[in-house]
Amino acid sequence: MTLRLSLPDPSATEHLGNALAERIARGCLLTLRGDLGVGKTTLARATITALLGRDGRIEPVPSPTFSIVQTYETADIILTHADLYRIDDATATRELDLQGALDAGALLVEWPRFLEGLSPAKHIDITLAFPSEESEYSCTRIAEISTDGESSDNIRSDIGDFLL
């Protein structure tokens, strides 16, 4: 099932991050796609911040663009955040042992173009885009979320105000 959302401002992106954090469980793969500067890291930070907030933690969430992988451990889950922007091929991705990270908890991946061979229990794929000039929507971003039916229904109820 695919949902299309309007993200009119940063608070809408934060709201989506909160809804996604509620869906993250062991074996969940969350992939973020889209052009450079479209908001993948902003959405990842919002999701991770909400996840850490469940434990009452407030801490900076750096982009793993240079470290490639950053891990966050909460009382409920270990979340690995990977940014594969600087990865050139699937061999380099395999060396990161992202399946091991997925087996140990959940995995959030920006730039998943060389991601292959993972076996997630649940996969939520989000593509962020700028609206076209001809778009009838007055928003700064559009998010297309593809997932299994149950997650889509839950996300739809949490962020229904932003549905296109």
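1. Buried means under 20% relative accessible area, exposed means over 50%, and partly exposed lies in between, with a 1.4 Å probe and protein chains only. Helices (H or I, at least four residues) and strands (E, at least two) are DSSP runs, numbered from the N terminus.

2. The model is predicted: local features need pLDDT of at least 70 and side-chain atom pairs count only at pLDDT 80 or more, while totals for chains, interfaces and linings use all residues. Residues are numbered from 1 along each chain as its sequence is written, and side-chain values use heavy atoms, with hydrogens and water left out.

3. The protein chain contains five helices and seven strands. From the N terminus on, their order is β-α-β-α-β-β-α-α-β-β-β-α. Of the 164 residues in the chain, 45% are buried.

4. The buried residues of H2 include Lys40, Thr41, Leu43, Ala46 and Leu52. Together, the buried residues of this helix pack against H1, S2, strand S3 (69-73), strand S4 (78-83), S5 and S6. From its first C-alpha to its last, H2 reaches 20 Å, close to the 20 Å expected at 1.5 Å a residue; the expected span is 1.5 Å times one less than the number of residues.

5. The largest nonpolar core has 29 residues, and Leu16 and Ile126 have the most contacts inside it. Such a core is a set of buried Ala, Val, Leu, Ile, Met, Phe, Trp, Tyr and Cys residues joined through side-chain atoms within 4.5 Å. At least two residues each are supplied by several elements, among them strand S1 (2-7), helix H1 (10-23), helix H2 (40-53) and strand S6 (122-129). H2 gives the largest share, six residues. A second, separate core of twelve residues includes Ile87, Leu107, Val109 and Leu115.

6. Residues up to four places away in sequence are not counted in the following list: Ile126 touches Leu20, Leu30, Thr31, Leu32, Arg33, Leu43, Ala143, Glu144 and Ile145. Contact here means heavy atoms within 4.5 Å. For the protein chain, residues 24 or more positions apart account for 65% of the contacts with a separation of 6 or more.

7. Thr13 lies in helix H1 and counts as buried, at 10% relative accessibility. Leaving aside neighbours within four places in sequence, Thr13 is in contact with Leu7, Thr42, Leu43 and Ala46.

8. Arg57 is located in the loop between H2 and S3 and counts as partly exposed, at 27% relative accessibility. The side chain of Arg57 reaches the backbone oxygen of Glu73 at 2.5 Å, and a polar contact of 3.0 Å joins the side chains of Arg57 and Glu59. A polar contact is a pair of N or O atoms within 3.5 Å; within protein, one must be able to donate a hydrogen and the other to accept it, and residues adjacent in sequence count only if both atoms are side-chain atoms. The C-alpha atoms of Arg57 and Thr74 are separated by 9.0 Å, with the two residues 17 apart along the chain.

9. Ile68, in the loop between H2 and S3, has a positive phi of about 75 degrees and counts as buried at 16% relative accessibility. Asp97, in the loop between helix H3 (90-95) and helix H4 (98-104), has a positive phi of about 55 degrees.
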